[in-house]
Amino acid sequence: MALALTSTVSLTGLIGNLIDVEVDISDGLPGYILLGLPDAALNESKDRVRAALVNSGEVWPNKKVTVSLSPAWLPKSGSAFDLPIALTLLMAQGLIPKDEPGTTIYLGELALDGQVRSVRGVLPAVLAAKKYGFTKALVPFVNYAEAKCVSGIDVIAIKSLRDALNYLRSGEVPDSPEAITESSSDYFLDLCDVAGQIGARRALEVAAIGGHHLLFIGPPGTGKTMLAERIPSILPPLDDESILEVTAIHSIAGTLLDRALLSKLPPFVS
């Protein structure tokens, strides 16, 4: 059994759910059954996992394979379950050591040649793993920087299924990317760039200082958007907890490249 995490955004914030990946291999007609309310992308994992295993020199069991993702009532989505499914298949065959319960989570999409591709929501997943008491996380090489933002978790970056198997069989840790550098700001639109608009600028400053709502009314071209998108430049920087929460939401949405990884700037959405 391997463990993965799925993350969603709700009205109450970020929620990470622990998903148990279980595999049963039994005699019978060869087949593959995936249980646990998978979506279309997850249903297609069979062909990705099979090709990745075979092209990595591993064995695909020519038997009846049942994969269960629990809790069964929780809908599952995305391709991040490819890696834990592949590893659990090999554990069920006794080809790699079984994982110790409650220690490591696995995340990653598998390419047909066995490469591990990036997935969304790695940061909130690792945050949830820490909350559940996990100490290690195997993540795609590309997602290493965001996973490493969470302290107290040993993050192992892998480029391929072979890297993961080498680590599980021999304890050999693959090379990690260079350490990330924090960014205090990645915003280039500043309120000081606006000439004139004295009344509107005053309204922005009052709203920013007091935490008030603000409504702009006027015909197109009068500068409403120009002023609004410069509000973050006069807001106080985010604290450490807010930085992780904002970055986690961008990770789930797939817009992490739109801002610096640990930007302290309040987000602007238009």
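This report covers a nonpolar core, a strand pair and a helix in a predicted model.

## Basis

Local features need pLDDT of at least 70 and side-chain atom pairs count only at pLDDT 80 or more, while totals for chains, interfaces and linings use all residues of this predicted model. Residues are numbered from 1 along each chain as its sequence is written, and side-chain values use heavy atoms, without hydrogens and water.

## Nonpolar cores

A nonpolar core is a set of buried Ala, Val, Leu, Ile, Met, Phe, Trp, Tyr and Cys residues joined through side-chain atoms within 4.5 Å; buried means under 20% relative accessible area and exposed over 50% (1.4 Å probe, protein chains only). The largest core has 34 residues, of which Val67, Ile85, Leu87 and Leu161 touch the most other members. Helix 3 gives the largest share, seven residues.

Contact means heavy atoms within 4.5 Å. Beyond its neighbours within four places in sequence, Val67 contacts residues including Val21, Tyr32, Leu34 and Ile85.

## Strands 8 and 9

Helices (H or I, at least four residues) and strands (E, at least two) are DSSP runs, numbered from the N terminus. Strands pair if DSSP finds at least two bridges between them. Strand 8 (residues 136-140) pairs with strand 9 in the parallel sense over five bridges, with Pro140 opposite Ile158. Four of the five residues in strand 9 (residues 154-158) are buried.

## Helix 7

In helix 7, Ala200, Leu204, Ala207 and Ala208 are buried. They lie on the same side of helix 7 because they cover an arc of only 100° around the axis, taken from the directions from the axis to the C-beta atoms. The face turned away from this buried side carries the exposed residues Ile198, Gly199, Arg202 and Ile209. Just after helix 7, Gly211 has a positive phi of about 70°.
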